[in-house]
Amino acid sequence: MGKTNYSTKLISCRAYLESFFRGIYVIRKNTLAIVGIGVFLSLLLMCIFAPWLAPYPEDAGDAIHLSQSFKSPSMLHILGTDQMGRDIFSRITFGGRNTLLAGLIIPLVGASIGCTLGLIAGYIGRRIGSVIMRTTDVFLSIPPLIIALLVIGVFGPSLKNIIFALSIVWWPWYTRLVHGEVISLREETFVESSRLLGAKSTRTMFSEILPNAIPPIIVKITLDIGYAILNAAALGFLGLGVLPPTPEWGLMVSQGRLYLPSIWWITTFPGIFIFLAVFSINLIGDGLRDLLDVEVM
Amino acid sequence: MRFREYLLRRLLLFIPTLFCVMVLVFILSRMLPGDPARLALGPDAPMSQISALRYSLGLDKPIHIQFLIFLENLLHGKMGLSLLTNRDVCQDVVQFYPASFELALVSMTIAMAIGIPLGIVSGIKQNKWIDHLSRVVSLFGVSVPRFWLAIIFILVFSFYMRIMPISGRIGSGIPPPAHITGLYLIDSLVTLNIPAFVSSLKHIILPAISLSVSPLAQIVRLLRAGIIEHKRAPYVMMVKANGMPEDLINRKYLFKISFIPVLSIIGLLFASIIAMSFVVETVFSWPGIGRYGSNAVLYADFNAIVGVTIVAGVTFIIANFVVDMFYGYFDPRIRYG
């Protein structure tokens with residue numbers, strides 16, 4: 001018994017590797033997706049290695065050099081300085097840590113809550129299923145950012161609360177997606193055989209059904225990272241995220257607004273970085289969608 | 001006859017959704033840390049006053065009775081005092097809502113007026129220059145942060161080129177048109193107040209465009225995908241082989257069926273416009289519900305937050321209902337299914 005198990009595992013492992021390499025081969029031909037991966041990875045690395053990359057790491061905090069304030073972009077400060085004389089590029093490298101972190105965590109948390117609920121609703125069905133799906137409908141019937149605002153209104157502004165608020169409004173889409181997939185997979189023969197062999201429903205759900213629903217989930221998570229970055233930055237812009245002097249891209253755009261039009265660089269550059277991050281992740285998402293051949297909204 | 005049934009069913013679904021939204025808002029509003037009565041009266045208030053206020057607010061009653069009181073007040077148009085404006089939130093909502101509604105309508109119109117033709121052309125002329133252009137435009141549209149785009153618009157069109165106003169709803173020297181619907185564009189047209197119309201049109205263009213880029217992009221993407229998918233469908237090939245002119249095929253079959261998925265997300269796009277109006281209204285100092293709401297969150301004006309959430313939720317539900325009506329009209333499978 002153990003032996004057979006081992007060999008099937010080996011075969012499935014090989015199949016995974018094969019499809020992985022085939023995936024790399026196919027995506028290599030999609031120039032735009034490669035560009036997207038390149039840009040997003042560079043941004044990610046830039047933020048991870050911010051303490052070493054930033055020309056003035058101390059400027060990420062509450063450093064004040066009033067003699068240096070409002071300097072336009074130059075060799076010394078490639079993206080200029082802000083009202084406190086802090087280097088904008090250094091603040092962008094550190095600020096991205098907050099913005100991108102929110103963008104990555106929110107869809108992942110949303111997906112894990114949503115997929116679990118969708119699996120339960122689709123597989124176990126009956127009463128629990130309809131309760132879950134009706135609750136999902138309610139959450140889908142209010143604009144997510146509005147619930148997030150309500151939650152932040154209750155718990156107060158902070159990055160942690162932005163992540164929390166957006167994560168709890170992000171799950172309904174995944175519930176609906178997985179629910180649909182499960183309904184169509186439930187009657188497949190391999191699911192029935194797993195059940196007949198005496199597998200527990202958790203096992204059937206997570207290791208038989210879920211893997212088959214993975215491609216659309218991956219594509220959706222990828223595309224959602226972009227939306228999450230935009231939403232988190234929008235909340236940061238409204239002053240509901242990190243508190244100054246901590247840098248965050250949305251907040252930096254908002255802070256520079258007071259000094260327009262002559263001091264244009266404080267607002268413009270963080271915005272370009274938000275755009276680049278979302279743009280690149282969308283290129284990746286589109287590439288993955290073509291690669292995995294799934295329809296996701 | 002069947003269509004009427006479909007409408008009735010949608011209408012009946014509308015009520016439980018609305019009820020659940022109220023429950024959700026109510027639960028969240030009661031999660032506020034601390035005692036609302038003590039918060040309202042301050043830390044030094046004597047115990048007798050606090051319990052008197054608790055009594056008059058109904059806070060001493062069981063939670064389901066409190067919910068009923070909440071609903072009753074809502075029906076009477078009482079949402080409690082706003083800390084920022086010192087009036088009932090309901091009055092504020094009535095005052096600020098038309099501005100936001102007007103903005104949302106204009107942005108949705110822009111998104112559809114540009115997005116639909118662009119999506120159609122892009123799908124039909126797949127891989128031609130116009131298709132590449134519209135794909136770049138739509139990718140840009142879904143990726144650009146709207147608050148930032150709004151600021152760049154102000155920078156370019158208001159500060160550098162000086163052809164657009166910076167903020168507000170109407171020029172400072174121009175009296176607003178007589179209040180009929182509260183929508184300045186319509187009111188000024190009805191009363192033939194041309195200077196007010198021109199001024200409010202100039203003021204609404206930049207915020208409306210900044211709000212419309214993302215919905216526009218999504219319409220283009222969906223419509224393009226739909227047309228490409230159906231262009232090679234067997235039934236289209238069949239009529240083509242029978243010699244039906246291309247134009248007629250497009251108009252009669254292709255556009256209608258490709259438009260269905262677009263219609264289904266229009267409700268969602270409307271939601272994204274409402275949600276994003278919070279930031280865009282802040283940038284343009286647009287006197288709407290979004291700016292009111294974001295100030296309310298910033299200053300922890302709780303009654304106002306609840307009021308804005310309810311109004312936004314109800315708008316969204318109604319928008320979805322209207323979309324569902326069209327949906328049933330466009331796609332008979334939904335009506336009868």
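**View 1. Surroundings of I229(A) in a predicted model.** Leaving out residues up to four places away in sequence, I229(A) touches T99(A), L100(A), G103(A), I274(A), A277(A) and V278(A); contact requires C-beta atoms, placed from the backbone, within 7 Å. Residues are numbered from 1 along each chain as its sequence is written, and chains are lettered from A in the order in which they are written. In this predicted model, local features need pLDDT of at least 70, side-chain atom pairs count only at pLDDT 80 or more, and totals for chains, interfaces and linings use all residues.

**View 2. The largest nonpolar core.** Such a core is a set of buried Ala, Val, Leu, Ile, Met, Phe, Trp, Tyr and Cys residues joined through C-beta atoms within 7 Å, where buried means 20 or more other C-beta atoms within 10 Å of the residue's own. The largest has 146 residues, and A148(A), I162(A), L166(A), I229(A), F147(B) and F270(B) touch the most other members. Helix α11 (residues 246-284) of chain B gives the most to this core, 16 residues; helices are DSSP runs (H or I, at least four residues), numbered from the N terminus.

**View 3. Helices α4 and α11 of chain A.** The axes of α4 (residues 88-123) and α11 (residues 249-256), lines fitted to C-alpha atoms over the stretch in contact, come within 8 Å and cross at roughly 130°. This makes α4(A) oblique to α11(A), as the angle is not under 35 degrees (roughly parallel), over 145 (roughly antiparallel) or 65 to 115 (roughly perpendicular). R91(A), G95(A), G96(A) and T99(A) of α4(A) meet W249(A), G250(A) and M252(A) of α11(A).

Notes
Axes are lines fitted to C-alpha atoms, for helices over the stretch in contact, and angles run from 0 to 180 degrees between N-to-C directions. Helices (H or I, at least four residues) and strands (E, at least two) are DSSP runs, numbered from the N terminus. Two residues are in contact if their C-beta atoms, placed from the backbone, lie within 7 Å. A residue is buried if 20 or more other C-beta atoms lie within 10 Å of its own, exposed if 12 or fewer, and partly exposed in between; C-beta atoms are placed from the backbone.
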